[in-house]
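Subject: Two-chain model, notes on the interface

Dear colleague,

I am passing on the structure that we spoke about, and my notes on the contact between its chains follow. Please read them with the model open beside you.

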Amino acid sequence: MPSYLFWLFSTIMLIGGTAVVAFRNPVSSALSVVTCFVGLAGLFIGLSAFFVGVIQILVYTGAVMVLFVFIIMLLDLKDEEKPSKPLLPIAAGLALVAAFLVQLIGILSNSPDMSEPTLSKATLAAAAAGFPADGKIAAALQLGKLPDVHLIGNTLFTQYNLPLQILGVLLLVATVGVVVLSNKQAD
Amino acid sequence: MATLNDYLLVSGLLFAIGLAGVVMRRNIIIVFMCLELMLSAANLTLVAFSRFHVTANGLPDYNGQMLVFFVITVAAAEVAVGLAIIVALYRARQTIHTDELTSLKG
């Protein structure tokens, strides 16, 4: 990804993130999260992770944040946060974040840096040898394209089959749990 | 070209923003949104490592993106359960401000 696109999407993401904390109105905060996640999806796509970028948009900004906005509407919050804020949580939060940032910069300045490995057509064509010759993955790699979704599907259903099924059980348990939680309050 | 440390720095900044929101805000819905920001910062780190890791065949390391896939799915389940708990909390206590929920303070 060109450098200016990286900084553009990073700026969108960080401004969106800051706005989440800064806005008083929960709906404004929820829409700032959407902005932040759109920038993040741009970064994912710039890192050649097309599938992850698309599900970031579909799942997070499409489903999760709409759920948040829906709950804010359902609760119909009358009063916003009181204007008189105690100083202690703000000071504690800023001190914690400053300590974290000092630590982060200290680590990053001492760790070895890496530039992005190239995904040239020659690299992709050479990688095609590791896949069945008549399959879609090998055909796309021969053409010099990165078949991101096919590769993820291949990894998911060969190496990560059991975790995927456990994840299905988890989603079922979450669905049942949410129904039980909502029903108990009805009577 | 952006280097690995640039991605790690941006991801760390996003995590710090999320952490600041969790500590400073008192509206429990916004605290929950900031938790999502922190999870997403971790996802950015994972995808960056997946792309910058040179594997034997020259492709990105898809094990990292598998972990991102699982994190996003678990986060979606977590949001559903968490929001149901927030709605139940609001029905029981009529508030979602964390400084008014002091039953455990003794």
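Buried area here is the accessible area (1.4 Å probe) that two parts lose on being put together, summed over both. Between chain A and chain B that area is about 7,400 Å², of which carbon and sulfur atoms give 76%. This is a predicted model, in which local features need pLDDT of at least 70 and side-chain atom pairs count only at pLDDT 80 or more, while totals for chains, interfaces and linings use all residues. Residues are numbered from 1 along each chain as its sequence is written, chains are lettered from A and ligands numbered from 1 in the order in which they are written, and side-chain values use heavy atoms, with hydrogens and water left out.

With contact taken as heavy atoms within 4.5 Å, chain A contributes 89 residues and chain B 71 residues. Between the two chains, 10 residue pairs, both at pLDDT 80 or more, are in polar contact, a term for N or O atoms within 3.5 Å where, within protein, one must be able to donate a hydrogen and the other to accept it, and where residues adjacent in sequence count only if both atoms are side-chain atoms. On the side of chain A that touches chain B, H3(A) gives the most, with 13 residues; helices are DSSP runs (H or I, at least four residues) numbered from the N terminus.

The axes of H3(A) and H3(B), residues 62–93 of chain B, come within 11 Å and cross at roughly 5°, the axes being lines fitted to C-alpha atoms over the stretch in contact, with angles from 0 to 180 degrees between N-to-C directions. H3(A) is therefore roughly parallel to H3(B), a label for angles under 35 degrees. Among the residues that make this contact are A:Phe51, A:Val59 and A:Leu67 on H3(A), and B:Phe69, B:Val79 and B:Tyr90 on H3(B).

H3(A) also meets H2(B), where the axes come within 12 Å and cross at roughly 175°, so these two helices are roughly antiparallel, the label for angles over 145 degrees. Their contact includes A:Met65 and A:Ile72 from H3(A) and B:Phe32 and B:Glu36 from H2(B).

Finally, one salt bridge (a side-chain nitrogen of Lys or Arg within 4 Å of a carboxyl oxygen of Asp or Glu) is found across the interface. B:Arg51 pairs with A:Glu116, and their closest N and O atoms are 3.6 Å apart.

Best regards

Key
Parallel < 35°, antiparallel > 145°, perpendicular 65-115°, else oblique.
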